[in-house]
Amino acid sequence: MLEMCLKHRQGGFDVDVDITTPGSGVTALFGHSGSGKTTLLRMLAGLDRPDQGRVVLNERTFVDTGRGIFIPPHQRRLGVVFQEARLFPHYRVRSNLTYARRITRGEAFDRIVSLLGIEALLDRMPGALSGGEARRVAIGRALLAEPDMLLMDEPLTGLDGARKQELLDYILRLTREIDLPILFVSHDPEELMAVAEQLVVLDQGHVVASDRLETLLSRGDMTPWLGGFEASSLLKAQVCSHDHHYHATQLILGDGQRLTLPLLDRPEGSVLRVRVRRREVAIALSSQRDSSVRNQLEAVVSAITPGAPGTLEVTLALGEQSLSSRITLEAGEALGLKPGMTVIALIRSVSLAG
Amino acid sequence: MLTPLEIEALRISLQVSGTALLIILVPGIAMAWLLARHEFFGKSLLDGIVHLPLVLPPVVVGYLLLVVMGRRGLVGSWLFDHLGLSLPFTWQGAALAGGIMAFPLLVRAVRLSLEAVDPRLEAAARTLGASRLRVFFTITLPLAVPGLVTGAVLAFARALSEFGATITFASNIPGETRTLPLALYSLIQTPGMEDAAARLCVISVVVAMVSLVASEWLARRTRRRMAGRDRGTT
């Protein structure tokens, strides 16, 4: 459990938050630049001292201004990955990795090094690394400090498309293979769609909303904040089977319905999240046997709200999960959609979220 | 090749300047760090005092040293009474005079390179569990080494060329405090010794050149080790 209840004033900029998030999984701080997300990360790391408030991680109090507690950054056991890699230029990669003097060799060291694909870089100087390599080393360095939580401050910013995707894939591997709570700061909806489980939306130093990402995405009133998320739904599913002939993977949703995706490199039984963009979801009143759209899910209309002029945002319930669809006003009236109706969601495309 | 007199002057010069550097190295780094990384009341005043030897006539520094460190001086009398140490008219006194004259040069160079060390690297080291002390010795100081080398060579060269404060405080005693500049001065004062004076002049130039080239080589070597630095931080 991570609690941050802080009041801080810095050059005419006020931060006033009260955040409680589970101390596990990936929690994202999302907001535009100047929303105070980096300030919060620095206070959690102990690099800045809040004027007033408390910071508690899993029953360890880092800051409590009321009781005069301030644990200095080097005693907090938090791994921080900064926006710039911040490698020490006078040490080789290996010495950078072992700087924290916790894991310095052995199986644990090898595992993290190979997880990040930096085996070949160990004897290089940081100056000879590319941007993506340097950041991977920075992540490794933070992990090898055996932190209680990993803080990542916009770790993908400034990388070009391909490098960014590559590093994102490494980070996703990490979240799957290492059981470590992560606080991920970003202003990029694409990144957050891929990694975040819990989302804290910040604006001008205040918390706008804090909940599970799927929940926030399905909330109509969050559109002004999460518009950049391209109005998508996230569905949790389990890998059911692989079909190598059709090059496809079958997923099973919580309510027993099935989804087919292009072949995924994930073991059967593993749980993952898929992303469905709102505009890729059409609605029909009955299942379409003579259609090329193969993903057809039975769902119940839970809400209909007006969207942009001439459009409707329809929220569909799929068991416990929810799926958004955008249809035209005309289509909505022609189908006679009403909350509580059972319909068929035609999903034209679905992709893996992370 | 060298006359015994020249060898003696050279030996005293190197010994005095080397000792001067040793005396001021740690206080110089500490002072540079204080001025580079801290804000406190009276900082400008302290900064001014550190730089004083740079602008004061060396004779004044030598005179002040006599007043403070002399046998009857404030500090000098204590040193003599408790440790039996007397600095005026000794080579150690000459080293002290040279060190004080060189101090501002060392502090300036080290301070500049400390200010150039990216505080974000220090913050990163702190999050990796390093105490302030460990950060200083593993990050800050090593990254400031090029400036430290430059400062040390400048200070050494300044001590080597020290004349006014030395002759005032430590006098011009052959075999004890007669460094290269003092020996040269004595030769110039002696009629018929023009050739010997010219030889000493050449020796001084060579020693100065060697130390400059050595510093350049050292600085380049440390820079090359960190070639390119961390692209992510620039």
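Predicted model: local features only at pLDDT ≥ 70, side-chain atom pairs only at ≥ 80, totals over all residues.
Visitor: In what order do the six strands of the open sheet in chain A stand?
Guide: The order is β7-β8-β9-β3-β10-β11, with mixed pairing. Strands (E, at least two residues) and helices (H or I, at least four residues) are DSSP runs numbered from the N terminus, and two strands pair if DSSP finds at least two bridges between them.

Visitor: Which strands stand at the edges?
Guide: β7 (78-81) and β11 (206-212) of chain A each have a single partner strand, so one side of each is left without a neighbour in the sheet. Neighbouring strands of this sheet are turned by 15° against each other on average, direction ignored.

Visitor: How do β7(A) and β8(A) pair, parallel or antiparallel?
Guide: They pair in the parallel sense, over four bridges. Within β8(A), M152(A) is the bridge partner of V81(A).

Visitor: And are the faces of β7(A) covered or open?
Guide: Both faces are covered: L78(A) and V80(A) on one side, and G79(A) and V81(A) on the other, are all buried. Buried means under 20% relative accessible area, exposed means over 50%, and partly exposed lies in between (1.4 Å probe, protein chains only). In a regular strand the side chains alternate between the two faces of the sheet.

Visitor: Which residues does S210(A) touch?
Guide: S210(A), found in strand β11 of chain A, touches T20(A), T21(A), L199(A) and V200(A), not counting residues up to four places away in sequence. S210(A) is partly exposed, with a relative accessible area of 33%.

Visitor: What is the order of the five-stranded open sheet?
Guide: That sheet of chain A runs β2-β1-β4-β5-β6, with antiparallel pairing. Its edge strands are β2 (13-21) and β6 (69-70) of chain A, each pairing on one side only. Nine bridges join β1 (residues 2-10) to β2(A), and E3(A) stands opposite T20(A). α1(A) lies across β1, β2, β4 (52-57) and β5 (60-64) of chain A, at about 115° to β1(A).

Visitor: Changing topic, how many helices and strands are there in chain B?
Guide: Chain B has eleven helices and zero strands. Of its 234 residues, 46% count as buried, and its C-alpha trace spans about 65 × 45 × 30 Å along its principal axes.

Visitor: Where is A170(B) found?
Guide: A170(B) is in the loop between α9 (164-169) and α10 (180-189) of chain B. A170(B) is buried, with a relative accessible area of 0%. Its contacts, not counting residues up to four places away in sequence, include F89(B), T90(B) and T177(B).

Visitor: What volume has the largest pocket?
Guide: Its volume is about 600 Å³. Of the 20 residues that line it, the closest to its centre are R37(B), E122(B), R126(B), R132(B) and V135(B). On a 1 Å grid over the protein atoms alone, a pocket is an open set of points where a 1.4 Å probe fits, with protein on both sides within 12 Å along at least five of seven lines; lining residues have an atom within 4 Å of a point. Grid points are joined across faces, edges and corners, and a volume is the space filled by probe spheres set on the points.

Visitor: Which element gives the most to the lining?
Guide: α7(B) does, with five residues.

Key
Residues numbered from 1 in each chain as written. Chains lettered and ligands numbered in written order. Heavy atoms only, no water. Axes fitted to C-alpha atoms, helices over the stretch in contact; angles between N-to-C directions. Contact = heavy atoms within 4.5 Å.
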